[in-house]
Amino acid sequence: MNEAMLTAPVALATERRVFAPIRHHSPACAFMVRAAIRQTRPEMVLIEAPSDLEGFVPLLCDAGTIPPVAIVALTLPNAEGTDPGEAEMTYIPFARHSPEFVAIREARAVGARVRFIDLPCASRHDRDPDAGPPVAEQAFGTADFIQAMTRKLALRDGDEVWDHLFETRLGQDDWRGFFADTYAYCAALRATTSVETIAGDDTLAREAAMRWHLRQAGEACVVIVAGGFHVPALIDEAAPATRPVATKLASYLVRYSEDQLDSRSGYGAGLRFARWYDRLWELADAAQGPPDWRQATLEAGLGFAAASAATGRRVGVSQIVELVSIASGLARLKGREAVLARDLIDAARTALVKAEAGTADPYTETMAAWLTGHRLGDVPAAAGQPPLIADARARARHARIDLGDSLRKTRSLDIRRNAAHRNASRFLHQMTLIDTGFAQLREGPDFIAGHRNGLLHEEWLVAWTPLVEARLIAHSGHSATVPRAALHQLEAQRLQLAEDGQGNDLAALTRLVLIGLRAGLARYLAPLVDALKLAIAASPDLGGLAALIGRLSGAAQPDDPLYDPYAPDLVGVCVLAFNQAITLITNLAEAPDMALSQRIDDLRTLDAMLRGPYGERFDHRRFLAALDDLLANRACLPRLAGAVMALLVRAGHQPPTTLATLLRGTLTGVGISPTERAQALEGMIGTAPMLLWLNGEILTAANAALAALDETTFLSALPALRRGFTHLAPHETDRLAEALGEMHGVSAGQLLADETADLALLARAAAADRALGERLAADGLSHWEGT
């Protein structure tokens, strides 16, 4: 290794072979690669890129390919029902200033053949995805050599060292001297990286594959464009070479974004600040030499000011001038004309942050975001993307969602009153269902859980990123449209329920149906609804059946946001659940007391179906007969009896007298505890409270029974009575107050004069007052009472 380093200037550029040691996405390296190819006019250009992706070279040369773009290669799981999200993906991105991209197009321009020489992607998918960036990339920031250079040059990290030494040479014409320096730099990185670290990933296997391709070139005149960390190992002719074995895998050319190129996004081979590098490349390309650094600096200042204004922080002209001046001054202090991204960030902090600057002040963040950029590239129609991506993009454009960059944007949708917005919502829910990362619901009703259903709007965050396209590609093996992909995911979730032993879980299956309705998949839900029907027929869960009825019956209403005329017969599903629930009603007499509240609510839900818009489809007779049987059961508790009797009276199946008698009997019965006295009344309020103000006989009976209680018994029963009346909605409380006011000749306002009074507290106060009066009487001090 040391010998190769010493002879580098000779070994790098011979008559038949030129090594170009580069750093990925470096504009300076790209400029020098182009100069080397133009001058040497090789027969072949060998590029460090996966050899099984070489077929993309024509597409990368296509005029319709506008970087940033990426080749995404993936292996899809074979198991039936496996989540496509488990596909392993490899991205090979290209910017306009990527040396590899420039080498491909320049090779085509001089008539050279392009070969990709790295280990195939299929072989690299065995690499641990949690292992971090490859060793060759980590070395640019962690090698001992880098630590020494940062101290020597008084710079902050390896990226700043690289920029200071190499990106400042963008546009110069001495490509031989430049690559001799990058070779020496990268050889030092490698020499100060431990052998164990280098052997810790697939670096050695990749280099063995690259050497094999290099030797296959024979005596042809070639230019080898490879990462500088690898070049010392490629020059070593004594090192072994291994013929790589390629395995077929799915791969596509997709749009990529500037922010995804940034190393801070998690892309290990990236440089920071992609937009800044892209603009420098553009200026150097136009000048065919060094860029106009002052123009680039001024553009950065103006772009930063516009970005700041968009966040509500105005930057004045004088501040822009100061920022540009400070950035240029910082560059000169470091002995260069070139202004680098770090100079601009430091200048923004100096010019605009007057207090002590933290690590994340808004001006620094805005400048860093502007330098990074969010522009998306484009690919030609010939790229042959799966129909699923084209369908998703078409639907997004129809929903008026901007796909021009990867910035996350807010989209507000009026889902109740605007049909176009409702369709857009369904599309976003479909994209969420297949986990594309395209859309995130921030605010709005949750029709699945039944929370805040009255809200009119949904608020979404949306962004089209490279990950979105990759996730769509992962689903493209089984679906050509977004709705079909979402449906496939819904079916996969149903199959998973069955595999987990929850195939008859009513709540889970109902949830899937509602998710499908929310996502606009109504016309495709018949198989899922059939599975739900089978679960209903076998269900012993009255509560689950009632919950199902309550949720699906609402979705069957034309004014409901989930309503879709193409949905399966949801009312028919509710009828099936209703009939199954009827068979379980007689078992309620054995229900534990703690479960009575929920069971009474279940009965109320079933009764509501008889009175709803589809009431004629439900079997009234069977329901009432089941209630009769339950009421005849001697084990039926007073609270349940009150609830059942109220339903029977309301249906006209029992006369009001029977309920009035039940209320009198429980409220004034002998040998009944104070808590039990109010139970029948509480049960009645739970299912048919309107009988109190609609039927004078029932109200009179309840009022007379309460009035007949002595003070001690009434106070003891008061907490239980209060619990029963808390079931009333505010408007129902008002109706009851009006009826009682008419009965007693007072206004409802007088009865509700103190709505905030704590009845339990009043009961305790009255009891204390009575106890005090008794003690005063016993002590002969009755005359003190009331003073």
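This is a predicted model: local features need pLDDT of at least 70, side-chain atom pairs count only at pLDDT 80 or more; totals for chains, interfaces and linings use all residues.
Student: How many helices and strands does the chain have?
Tutor: There are 39 helices and 10 strands. Both are DSSP runs numbered from the N terminus: helices are H or I with at least four residues, strands are E with at least two.

Student: And what share of the residues counts as buried?
Tutor: Of 787 residues, 52% do. Buried means under 20% relative accessible area, exposed over 50%, and partly exposed in between, using a 1.4 Å probe and protein chains only.

Student: Take α27. Is it mostly covered or mostly exposed?
Tutor: Mostly covered, with 12 of its 16 residues buried. Among them are V571, C574, F578 and L584.

Student: What do they pack against?
Tutor: The buried residues of α27 pack against α24 (506-518), α25 (526-537), α26 (542-555), α28 (596-611) and α29 (620-632).

Student: Which residue caps the N-terminal end?
Tutor: D569 does, with a side-chain oxygen 3.3 Å from the backbone nitrogen of V571. For reference, a polar contact is a pair of N or O atoms within 3.5 Å; within protein, one must be able to donate a hydrogen and the other to accept it, and residues adjacent in sequence count only if both atoms are side-chain atoms.

Student: Changing topic: where is S479?
Tutor: S479 sits in the loop between α22 (466-475) and α23 (482-499).

Student: What does its side chain reach?
Tutor: The S479 side chain reaches the backbone oxygen of R484 at 3.5 Å. A polar atom of that side chain also lies 3.3 Å from the backbone nitrogen of A485. Leaving out residues up to four places away in sequence, S479 touches L388, R484, A485 and H488.

Student: Which helix is L388 in, and what covers it?
Tutor: L388 is one of the buried residues of α20. The cover over the buried residues of α20 includes β7 (250-255), α21 (419-433), α22 and α23.

Student: Why does the length of α20 agree with expectation?
Tutor: Its 12 residues, 387-398, should span 16 Å at 1.5 Å a residue, and the end C-alpha atoms are 16 Å apart, so the two agree. The expected span is 1.5 Å times one less than the number of residues.

Student: What follows α20?
Tutor: R400, whose phi is positive, near 60 degrees.

Student: Last one: what is the strand order in the open sheet?
Tutor: It is β8-β10-β9, with antiparallel pairing. The edge strands are β8 (409-414) and β9 (439-443), each pairing on one side only. Strands β8 and β10 (residues 457-462) pair over 6 bridges, and S412 stands opposite E459 in β10. Two strands pair if DSSP finds at least two bridges between them.

Terms used. Residues are numbered from 1 along each chain as its sequence is written. Side-chain values use heavy atoms; hydrogens and water are left out. Contact means heavy atoms within 4.5 Å.
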